[in-house]
Amino acid sequence: MPTQDLLPLAVAVPLLGAVLLVVAGRRLPRVAIDGLVTALAAADVADLALLWARTGDGRSVAWLGGWRPVHGEGVGIVMVGDRIGIGLALLTAVLILAVVGYSWRYFEQPPTEHPGTFPALILVFEAGMCGFALTGDLFNAFVFFELMGAVAYALTGFRIEDPRPLQGALTFGIVNSLAAYASLLGIGLLYARTGELGFAQIGQHLAHHRVDALLVAAFVLVLTGPLVKAAVAPFHFWLPDAHAVAPTPVCMLLSGVMVELGIYGIARIYWTVFSGPHGIPMACFRDTFVAFGALTAVVGAVMCWQQRHLKRMLAFSTVGHVGLFLIGVALVTPEGVAGTALYVAGHAGVKAALFAVTGVLLDRHGSVDEYGLYGRGRELRLGGVLFTVGGLALAGLPPFGTGLGKAVLEHAALSRFPWLLVVFVGVSALTAGAVLRAAARVFAGAGPRPRERYAGPETTGGGEEPEIRDPSRAVPPPMLAVPAVLLLGALAVGVLPGIGRQLALAARLFTDRAGYVAALYGPAPAPSGASPATGWTAEGVSLGLLSTLLALVVAALAVWGPAVPSGAVHRARETLSATGRRVVLPLRRLHSGHIGDYVSWLAVGLAVLLVVTAAQV
Amino acid sequence: MSVFPYLVAGWILLIGLYGMVRSRDAIHTIGCLAVAQSSTYVLLLAVGYRRGGTSPYFSDTPKSTTVVDPVVQALALTDVVVGATVTALLLALAIQLRKRHGTIDPDSLTGLKG
């Protein structure tokens, strides 16, 4: 089979599989459905792995239906795969396979009249995400964006008996769809200016026009969709609401790859469409989005620390890390892209594993409340170990992939923005500290029992509907095997030097705009310039150890601090929490769960982005 | 080509946004989302408009006839399909929420906050 046929196949296999599951699901027994969906997910992994191997250090280009451009003009739709895009699609497919394995016995009772609905939706979700990662066309990107969006809303509200998932799904759907329509307005403006819809083609034609208000408006509007999907502050409000209530397997996908696809969208669209002559200047993109990234990272980390609802805590930790990823791609260097790619790959494994273990707790105890679960995870020893290891990996402990990605990004940021080191170390430490704090309380019953009272707005996480009806039986083995494998995967990203090397080459290709354009019409010249270094350095290891140590210290202070009767630790803690309350309480009040508020924030963010961009071009 | 349709598109988007912010009912919010989406139809069709152009079919007309841009019409059509799907899904969620929670007033939906 020719290599370019593998590109559309990566989307077609899960789509056709979903149709098959819906049609045949009524007649098949449960085991056959599970076997079928596993086979389909594995087939897509195989397809993308083959594509990764065959594409090598180049690009695969597929003009759908054979509508190739003639003399540089054409109306065909193109799919372009380079190793960053294919790698992200492969990560999606692997995570889908893990989720299918995890939920093998998870939803014991699917909707009785429609068995096979849940796995079918998962496969459509996969098709949307893979399509978004592999498309080379802006309008197609919008369609795939809406496809994965619509499926994600449905999956979030899958448990329709419980009001909270419905509310989360509704918020998620309204905010994301609004952002998608803003993107479409931007696409319309770009089409009006250039008469093209392909990434590369729009970029080529923009070079013949001047930079004006229309270009700025189109830039901001087009990026609104990916920014909301990536949950960049102040567009992030929907994410904790949706992640806190979605079924656990869905959370693994939302946090693991879907949010990161937003970051990918921002980077891909900027590099291919706007980075050329008469586009948006690199300095403008860099300064604006490094600032947005830092804001997102800090908001995510601070809010993560405040949570007692475990899923909401992990969701805010995703917001924090997405801020770091945005900083990475906003550095507009190959090193930044390579570091982000490594970080995303490691983070996907770690975050999905943490959600998976939380799912076990929900299964056993019908609660994801850190306070309510105090000491109740003791009998779940393996789960406790996995959760703790996940927390350490989240802090960037070498040699996990998260640590390597963080180290490469810190090195990339150091020359221009040295203050970002504080953000990277602080955000990693605080988000991981929250996870370790919860691990110590839930799985070891460490420290005194946490106090129940809190004056401000809060989502507790107690009284959740268990996703499985029979808590008396043993934990199904896949529910602990899958997170263990995912953590091993995150470890492999950091340990195997080949992965870092390949991603460094891929990052050099990703940032080569001229090569991307040339690849559409024939073989592209190899990119010039050295590929960035992505190995472990003494500096990276020490910063990783530092953030891990800080995470352990803040977690220990939170767990055992209240037990210290008096003295310096106690006083320091009291002062900290008093000042913290003054800053944090207003921030927590902003996360009101009110759709109208979230839409206002979206409008405010758009306006700020417009003004800031217009002022810099 | 007049600038008027673009102003209309912008106005529709803003009025939809305003409605969503001020909404006291989830069904109304979803309706306002559909209004905001209509701005994309207006914008796309305005982009493809050619003065004196006819619809882009070439069955019995000479090939030199001025026609409006068929690409944006295809985009608008796709947009309609996407919008209908999303609106239907959101409305279904809202109805289910009303059944389970007894209200769809955003001010009373306080299960998720902080």
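I began with two helices of chain A: helix 7 (residues 199–206) and helix 19 (residues 513–521) have axes that come within 9 Å and cross at roughly 115 degrees. Axes here are lines fitted to C-alpha atoms, for helices over the stretch in contact, and angles run from 0 to 180 degrees between N-to-C directions. Helices (H or I, at least four residues) and strands (E, at least two) are DSSP runs, numbered from the N terminus. I noted that this is a predicted model, where local features need pLDDT of at least 70, side-chain atom pairs count only at pLDDT 80 or more, and totals for chains, interfaces and linings use all residues. Residues are numbered from 1 along each chain as its sequence is written, and chains are lettered from A and ligands numbered from 1 in the order in which they are written.

**Helix 7 and helix 19, chain A**

I looked up the residues that meet. Helix 7 of chain A brings A200(A), G203(A) and Q204(A), and helix 19 of chain A brings R513(A), Y516(A), V517(A) and L520(A). Two residues are in contact if their C-beta atoms, placed from the backbone, lie within 7 Å. I sorted this contact by class and found 4 nonpolar, 2 polar and 1 charged residues. Ala, Val, Leu, Ile, Met, Phe, Trp, Tyr, Cys and Pro count as nonpolar, Asp, Glu, Lys and Arg as charged, and the others, Gly among them, as polar.

**Helix 9 and helix 10, chain A**

Next I took helix 9 (residues 238–245) and helix 10 (residues 248–274) of chain A. They pack at an angle of about 145 degrees, and their axes are 8 Å apart. From helix 9 of chain A, L239(A), A242(A) and H243(A) meet C251(A), L254(A), S255(A) and V259(A) of helix 10 of chain A. This contact has 5 nonpolar, 2 polar and no charged residues.

**Chain A as a whole**

I listed 22 helices and 2 strands in chain A. Its C-alpha trace spans about 75 × 60 × 45 Å along the principal axes. Of the 617 residues in chain A, 60% are buried. Buried means 20 or more other C-beta atoms within 10 Å of the residue's own, exposed 12 or fewer, and partly exposed in between, with C-beta atoms placed from the backbone. Among contacts in chain A with a separation of 6 or more, 83% join residues 24 or more positions apart.

I then asked which residues have the most contacts inside the largest nonpolar core. They are A10(A), L95(A) and L326(A), in a core of 259 residues. Such a core is a set of buried Ala, Val, Leu, Ile, Met, Phe, Trp, Tyr and Cys residues joined through C-beta atoms within 7 Å. Leaving out residues up to four places away in sequence, L95(A) touches M252(A), L253(A), G256(A), V257(A), A348(A) and A352(A).

**Where chain B touches chain A**

I found 39 residues from chain B and 43 residues from chain A in the contact. On the chain B side, helix 3 supplies the largest share, 16 residues. By class, that side has 23 nonpolar, 12 polar and 4 charged residues.

Is V611(A) buried or exposed? V611(A) is exposed, because 12 other C-beta atoms lie within 10 Å. V611(A) sits in helix 22 (residues 595–616) of chain A.

I placed T54(B) in the loop between helix 2 and helix 3 of chain B. T54(B) is exposed, with 11 other C-beta atoms within 10 Å. The C-alpha atoms of T54(B) and V67(B) are separated by 4.6 Å, and the two are 13 residues apart along the chain.
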